[in-house]
Amino acid sequence: MFSDYSLTGFLDDLSSRKPMPGGGGASAVAGAMAASLGAMVANLTSGKKRYAEVQDQIDEILPEAERLRDRMLELAQEDADAFYPLSQAYGLPKETEEERAHKAEVMEQALRRASEPPLHIMECTCEVMDLLETLSTIGSRMVISDVGVGAAFCEAALKGASFNVFINAKSMQDRDYADELVAKAQGLLDDGCTKADTIYKQVERGIRWSRS
């Protein structure tokens with residue numbers, strides 16, 4: 001289970017010949033790290049006299065950031081669970097017409113199932129981004145750079161998860177369903193990356209030193 005992984009254990013499995021975890025799980029972990037960074041910034045803003053006027057917002061952000069972090073780890077597990085049937089389907093025999101028809105049917109269902117978790121990872125990442133956008137404005141200036149790091153992780157999570165949607169959709173026989181899936185992922189990717197870039201640049205402008 002992803003929630004039981006040590007960092008070293010996860011990286012060991014990620015770099016091994018095992019089919020899971022893969023890019024989907026890594027993308028979800030990147031999203032979980034972004035949510036954790038948001039929670040850290042909120043925690044370090046909470047209770048500070050200078051930020052008393054935004055305390056109510058911080059109180060709302062903290063449990064939401066923790067929920068999204070936990071959800072990302074759940075999605076990493078769901079991604080691994082969904083990929084396993086697909087990996088088995090690739091190995092089904094296809095010598096006879098009947099076997100080919102059976103394999104095509106199983107593959108189509110497995111491709112659909114394997115596309116769901118990465119799409120949910122993208123949706124969850126956009127929720128994390130909304131928190132980071134707020135924190136970029138109200139968070140403690142002492143740790144505002146971590147909001148920028150979170151935005152960078154969100155962009156990586158979005159792009160990584162989108163690849164899993166696109167590669168599965170490409171192999172689907174139902175092209176209408178595949179087109180709808182790709183369009184939804186592309187919309188999340190475009191909007192999310194634009195927001196991530198905006199947050200990143202806002203943070204960068206606030207922390208970079210330049211010679212007058």
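First, the ground rules. The model is predicted, so local features need pLDDT of at least 70 and side-chain atom pairs count only at pLDDT 80 or more, while totals for chains, interfaces and linings use all residues. Residues are numbered from 1 along each chain as its sequence is written, and side-chain values use heavy atoms, with hydrogens and water left out.

Let's start with the whole chain. What is its secondary structure? The protein chain has six helices and zero strands. Here helices are DSSP runs of H or I with at least four residues, strands are runs of E with at least two, and numbering starts at the N terminus. In sequence order the pattern reads α-α-α-α-α-α. The C-alpha trace spans about 75 × 35 × 35 Å along its principal axes.

How much of the chain is buried? Of its 212 residues, 41% count as buried. Buried means under 20% relative accessible area, exposed means over 50%, and partly exposed is in between, with a 1.4 Å probe and protein chains only.

Now contacts. A contact means heavy atoms within 4.5 Å. Take contacts between residues at least 6 apart in sequence: 75% of them join residues at least 24 apart.

Next, helix packing. Two packed helices are described by the angle between their axes and the distance between the axes. Axes are lines fitted to C-alpha atoms, for helices over the stretch in contact, and angles run from 0 to 180 degrees between N-to-C directions. Angles under 35 degrees count as roughly parallel, over 145 as roughly antiparallel, 65 to 115 as roughly perpendicular, and the rest as oblique.

Pair one is α4 and α6. Helix α4 covers residues 97-138 and helix α6 covers residues 175-207. Their axes come within 10 Å and cross at roughly 25°. That makes α4 roughly parallel to α6. The crossing of α4 and α6 is left-handed. Left-handed means the near helix is turned anticlockwise from the far one by less than a right angle; clockwise would be right-handed. Which residues make the contact? From α4, they include Leu-119, Met-122 and Cys-126. From α6, they include Leu-181, Leu-188 and Ile-199. By class, this contact of α4 with α6 has 12 nonpolar, five polar and six charged residues. For the classes, Ala, Val, Leu, Ile, Met, Phe, Trp, Tyr, Cys and Pro are nonpolar, Asp, Glu, Lys and Arg are charged, and the others, Gly among them, are polar.

Pair two is α5 and α6. Helix α5 runs over residues 144-170. Its axis and that of α6 are 9 Å apart, at an angle of about 165°. The two helices are therefore roughly antiparallel. The crossing is left-handed. The contact of α5 with α6 has 20 nonpolar, five polar and four charged residues.

Helix α2 spans residues 23-45, and its axis lies 8 Å from that of α5, at about 160°. So α2 and α5 are roughly antiparallel. Again, the crossing is left-handed. On the α2 side, the contact includes Gly-23, Ala-30 and Leu-37. On the α5 side, Val-149, Gly-150 and Phe-153 are among the residues. The contact of α2 with α5 divides into 13 nonpolar, seven polar and one charged.

Stay with Val-149 for a moment. Val-149 sits in helix α5. Is it buried, exposed or partly exposed? Val-149 is partly exposed, at 35% relative accessible area. The C-alpha atoms of Val-149 and Leu-37 are 7.9 Å apart, and the two residues are 112 residues apart along the chain.

On to the cysteines. How many disulfides are there? A search of the whole structure finds zero. A disulfide is a pair of cysteine sulfur atoms within 2.5 Å. Cys-193 is in no disulfide either, as its nearest cysteine sulfur, that of Cys-126, is 8.5 Å away. Both residues are buried: Cys-126 has a relative accessible area of 18%, and Cys-193 has 14%.

Two last stops. A cis peptide bond joins Met-20 and Pro-21, with omega about -5°. Pro-21 lies in the loop between α1 (7-14) and α2. Then Gln-55, found in helix α3, residues 55-89. Gln-55 is buried, at 18% relative accessibility. Leaving aside neighbours within four places in sequence, Gln-55 is in contact with Ser-46 and Gly-47.
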